[in-house]
2 protein chains.
Amino acid sequence: MIKRTSQDIRRLNRFEVLRRVYAGPGAMSRQDLAAATGLSFATVANLTAELLEAGVLVEAGHEESGGGRPRARLAVNAERGALIGVDIAETSVHAELFDLALSVRHSVERPLPPGDVRPADVVDTLAGAVEELLAASGTDRSRVLGAGVSVPGMVEREGGVSSFSPYWSWHEVPLRALLDERLGLPLWLDNPLRASTVAEMWFGAGREVDDLVVLTLRAGVGAGIAIGGQLHRGFTNSAGEWGHTCLALDGRLCTCGNRGCVEAYVSLRGIAGTWRELAPGDERAAGPDDAATVAALARAADADEPVAAAVVERTARYLGAAVANLVNLVNPQVVVVGNQVVDLLGERLLPAAYEAVGRHALALPHRAATLRRSAVPHNPVTRGAATFALEGFLDDREVFGPVSRMRKAAKGGGAAGG
Amino acid sequence: MIKRTSQDIRRLNRFEVLRRVYAGPGAMSRQDLAAATGLSFATVANLTAELLEAGVLVEAGHEESGGGRPRARLAVNAERGALIGVDIAETSVHAELFDLALSVRHSVERPLPPGDVRPADVVDTLAGAVEELLAASGTDRSRVLGAGVSVPGMVEREGGVSSFSPYWSWHEVPLRALLDERLGLPLWLDNPLRASTVAEMWFGAGREVDDLVVLTLRAGVGAGIAIGGQLHRGFTNSAGEWGHTCLALDGRLCTCGNRGCVEAYVSLRGIAGTWRELAPGDERAAGPDDAATVAALARAADADEPVAAAVVERTARYLGAAVANLVNLVNPQVVVVGNQVVDLLGERLLPAAYEAVGRHALALPHRAATLRRSAVPHNPVTRGAATFALEGFLDDREVFGPVSRMRKAAKGGGAAGG
DNA sequence: GATTCTTCTTCCAACCCTTCGAATAAGATC
DNA sequence: GATCTTATTCGAAGGGTTGGAAGAAGAATC
């Protein structure tokens, strides 16, 4: 049984308050925060005091006042430290350095050799990218509060062992051990599905909503599930493998070895496959780079080629049915779709997919769910990875201890000068 | 945002302690409870004191002691009151009266007319069954702590409106209003999926496990999802409609109007349909009563008829793939299967289905999940419905107030005599 | 039969968290 | 400069859990 203590409440409230500050259009007053979180005034003052003391928030001027004391504006202190987010994908490693306000300060992308990449190669590439990030941005390592790394496949978080990779023949690779040494930074490992979801919870649709499903559609596809404002990880941190649920029994062969998986139809490769099916002769559909193929498809569709429209139409149907499965099973308030497939085909694909969801889902859960395109700026995976590091920092007991410590400190030290 | 207060912690701990008492092989000592829940000794003493005062627990003798003060045994006080659980199914209403130890004291089953039943008919039948229950068991209405009612389809709990029924053409039926008046009992409404799941959480596999999926397989099929020891309801209390997720695109027509739903293959009707498909001439497969048809199928399989074996084999494959979808998506620790389909075909169906899950699920979530046949005694739906009433009673602020009230009461009243 | 042991329970004080309400602070306005 | 008006801080109270001391209850022993 999971122990629940009053400190968990405080931790969640701390997260909640800070999430609202990030979510807000700019700086927010304590009043706004109390209204937004539903917490009492005193509690908000309490939590913000703690965050101010830790340097995470700063006072940023005052609001206009029509008589009476003006409200202080609180904003995230971007300069408090840096966060690193890394997205390990099939063909490249994308690393970004964020400030604490989660603005991108520097970005590096390094290719991975094609074929079966060894763990050591990935570690080298990653470590190199991080060094470049630090050097180019002139950031001292000590200012980095943590690094989040998204690894495709399934990762055991604590041990940091990658037990399955969809692209490479990895087997029980002790990633944490390999990276810890090289990076010398607080490290947070997980997969792209959960990274995107956390990004969405802090900076996207999840700001307003507590039950959502986040679909990541690129070379691999999958879902992140957040329930009651909490990410659902599953018993072995491998929940959300929607890409490998069966949509068409005895259907198309999937990379996982099974048939009829969702991923075989709506991933970049799956869409390319549909194009090949519908236009057997077309050599634009035959290239080895699926992202390029889908980009070509988008151009063909823009040129009103009927076959391209048919491919998009079919894909929308697959996607709609698969999303409807999620809607029926999870009954979320919002379904967010994002990443390469959406970036390339969004305008054409999504309206048709939305319509297909309506045909396949039951009326009540369908009415309850809104479908949205991801509004998280930039790459949601690197941002989500950095968010893991942010969450880790906010959980740091050295920085955010129990309140009694604060009281003692306040008594011991003098009053802070204005 | 959901407010979290320290009272929620206490509420959850109260549930947890009581669940362990129900789960235990008999009476349990406070020591056992502390060990089982992970709570401190003082807290367990605190909570049990409260439950003893409310009459929910009683001291039931002492354990043997090899020197030292013997441990007091605590047991549920069956006589504290009665609970009623009602299962409204397609063709009948099944009502049962339980004591507080959740033993069945009396059981009534009344048929519903075939065809499109009106809400008033169901309400009449239900009210009649409850009256019979009370009369036959000699239970005074005032001793009934609450009644839980399982309604097929989708029910909005607070308003008690049934917005969709799979069998009847109901539309926004205000069930709570209709029943409140007739029953005059605290009333708890939900659907059979969630009822079975709650039964499993208190009295079945959920006793040991916090993340589980409970599959109800009868005329309709669906899943109940419990995460972190909490039932997942979804945004509109309609999560778990696994029966209407698409397993075979463009597949068999389902009662919901879609094609290829899981329910079209693994419900009683679906299995009968598979039999008709494989043995077009066989009139045993052609009857209108699906439960009877599946019972006949079981007999045919027992008689080693090859076609019957083939039907079971196919069904196992459908079921296995559909369960694998759940395993991949939710990554639970346990999947429980139960109800009529399992009762009739369990021995033959489940081993093959388990094997099919292994073929379809990803390795890591598959290894993490164990599949079990439901071990909840008797009808899990009536028991689950009664459990809703039990949970409601345990949430009653009149009975279980904040601790400070207890202190005051203890001060006001004298010490209890030994 | 009294004493000693051993173990269970209860009780108390300490600690964590939120929240109400009074007191204090800080500008705007007259 | 006095008076409003609104924000913020502060202290006490209320709801929880928990470790440890003190009390209670049998078993074993002398």
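This tour moves through selections in a predicted model, beginning with a strand of chain A and ending with a pair of helices.

Select strand β12 of chain A, residues 212-217. Six of its six residues are buried, so the strand is largely enclosed by the rest of the structure. Show the side chains next: L212(A), V214(A) and T216(A) point one way, while V213(A), L215(A) and L217(A) point the other way.

Strand β13 of chain A, residues 221-227, pairs with β12(A) in the antiparallel sense over six bridges, and a hairpin of three residues joins β12(A) to β13(A). Within this pairing, L215(A) has A223(A) as its bridge partner. Strand β15 of chain A, residues 334-338, runs parallel to β12(A) and is joined to it by five bridges; here V213(A) is partnered with V335(A).

Now select L215(A), L217(A), W242(A), L215(B) and W242(B). These are the residues with the most contacts inside the largest nonpolar core, which has 107 residues. In soluble globular proteins, nonpolar side chains tend to be buried together.

Finally, display helices α1 (residues 6-23) and α6 (residues 192-203) of chain A, whose axes come within 8 Å and cross at roughly 75°. That angle makes α1(A) roughly perpendicular to α6(A). At the contact, F15(A), L18(A), R19(A) and Y22(A) of α1(A) meet M201(A), W202(A) and F203(A) of α6(A). The contact residues comprise six nonpolar, no polar and one charged.

How values were computed
Residues numbered from 1 in each chain as written. Chains lettered and ligands numbered in written order. Predicted model: local features only at pLDDT ≥ 70, side-chain atom pairs only at ≥ 80, totals over all residues. Heavy atoms only, no water. Buried < 20%, exposed > 50% of the residue type's maximum accessible area, 1.4 Å probe, protein only. Helix = DSSP H or I, 4+ residues; strand = E, 2+ residues; numbered from the N terminus. Pairing = 2+ DSSP bridges. Core = buried A, V, L, I, M, F, W, Y, C linked by side-chain atoms within 4.5 Å. Axes fitted to C-alpha atoms, helices over the stretch in contact; angles between N-to-C directions. Parallel < 35°, antiparallel > 145°, perpendicular 65-115°, else oblique. Contact = heavy atoms within 4.5 Å. Nonpolar A, V, L, I, M, F, W, Y, C, P; charged D, E, K, R; others polar.
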